[in-house]
Amino acid sequence: MADLTLYHASPSRSSVVLWMLEEVGQPYDIKLLSLEKGDNRQADYLAINPMGKVPALRHKDTVITELAAICTYLADEFPQAQLNVPIGTPRRGVYLKWLFFGPGCLEPAVVDRAAPRKEEARRGMLGYGDFDTTMNVIAQAVAEGPWLMGGQFTAADVVIGANLRWGMIFKMIPERPEFVAYAARIAARPAAQRADAKDKALASR
Ligand SMILES: N[C@@H](CCC(=O)N[C@@H](CS)C(=O)NCC(=O)O)C(=O)O
């Protein structure tokens, strides 16, 4: 049994952590849940994540939830994979900005657009401001690339990149040339390819 166990539904937001685990390269087990059958609402899983959501990651005796937190944790815990920017480096501030930008700005901007409110919220009330500004900020960062932190691929690319990839597949994010080129760079990564293949096999079970 590996020290790391991913509670996963295939495909879902936990697929982001599956990719991250492939980037990290440490052994891990998968506990597959069916959201359709409501496995995530059963008492044994609610004891792991009371939110009833995937992903959750067990590392030894500790359970971590929230995909951006899990990716940040894995990058710091296994620095040999060089997916983090270490404490003590000012650039870490920028790296953390992108890790928080995923769940704090990108995801709410995309979800709000897909499921709009009856009454439009004031820009100042929304943490992401507005959809177009959010997209422009990311487009500029990935255009400079190849990765969000320049030459170094990091956990921030997993968090933001997965969201862009899925968002474009589901037509929730515009296929801007900067995003398409960034997604192609991601798709060429062996770890992303391994994760995609594993997820496909798991989904067909
Ligand atoms: N804030 C969570 C969101 C996780 C999430 O919404 N997961 C979905 C799958 S994509 C889920 O578990 N849905 C099942 C449900 O809510 O019943 C994260 O970023 O990890």
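**Close-up views of the ligand site and backbone features**

**View 1. Lining of the largest pocket in the predicted model.** The lining residues divide into 19 nonpolar, 9 polar and 4 charged. Ala, Val, Leu, Ile, Met, Phe, Trp, Tyr, Cys and Pro count as nonpolar, Asp, Glu, Lys and Arg as charged, and the others, Gly among them, as polar. In total, 32 residues line this pocket. Ser12, Arg13, Leu67, Glu107 and Asn163 lie nearest its centre. Helix 4 (91–114) supplies at least two lining residues, as do helix 3 (67–77) and helix 6 (155–169). The largest share, 7 residues, comes from helix 4. The space in the pocket is about 870 Å³. (A pocket is an open set of points on a 1 Å grid over the protein atoms alone, where a 1.4 Å probe fits, with protein on both sides within 12 Å along at least five of seven lines; lining residues have an atom within 4 Å of a point. Volume is the space filled by probe spheres set on the points, which are joined across faces, edges and corners. Helices of at least four residues, H or I, and strands of at least two, E, are DSSP runs numbered from the N terminus.)

This is a predicted model: local features need pLDDT of at least 70, side-chain atom pairs count only at pLDDT 80 or more, and totals for chains, interfaces and linings use all residues. Numbering starts from 1 along each chain as its sequence is written, and side-chain values use heavy atoms, with hydrogens and water left out.

**View 2. The ligand in the largest pocket.** The ligand sits in this pocket (more than half of its atoms lie within 2 Å of the grid points). Residues around the ligand (a heavy atom within 4 Å) include Ser12, Arg13, Lys53 and Leu67. By class, this shell has 4 nonpolar, 3 polar and 4 charged residues.

**View 3. N and O atoms at the ligand.** The side chain of Asn40 places an N or O atom 3.0 Å from a ligand oxygen. A backbone N or O atom of Val54 is 2.8 Å from a ligand nitrogen. A polar side-chain atom of Glu66 lies 2.6 Å from a nitrogen atom of the ligand.

View 4. Pro55 lies in the loop between helix 2 (43–46) and strand 3 (56–59). Pro146 is in the loop between helix 5 (131–144) and helix 6.

Notes: Polar contact = N/O pair within 3.5 Å; in protein donor to acceptor, adjacent residues only side chain to side chain.
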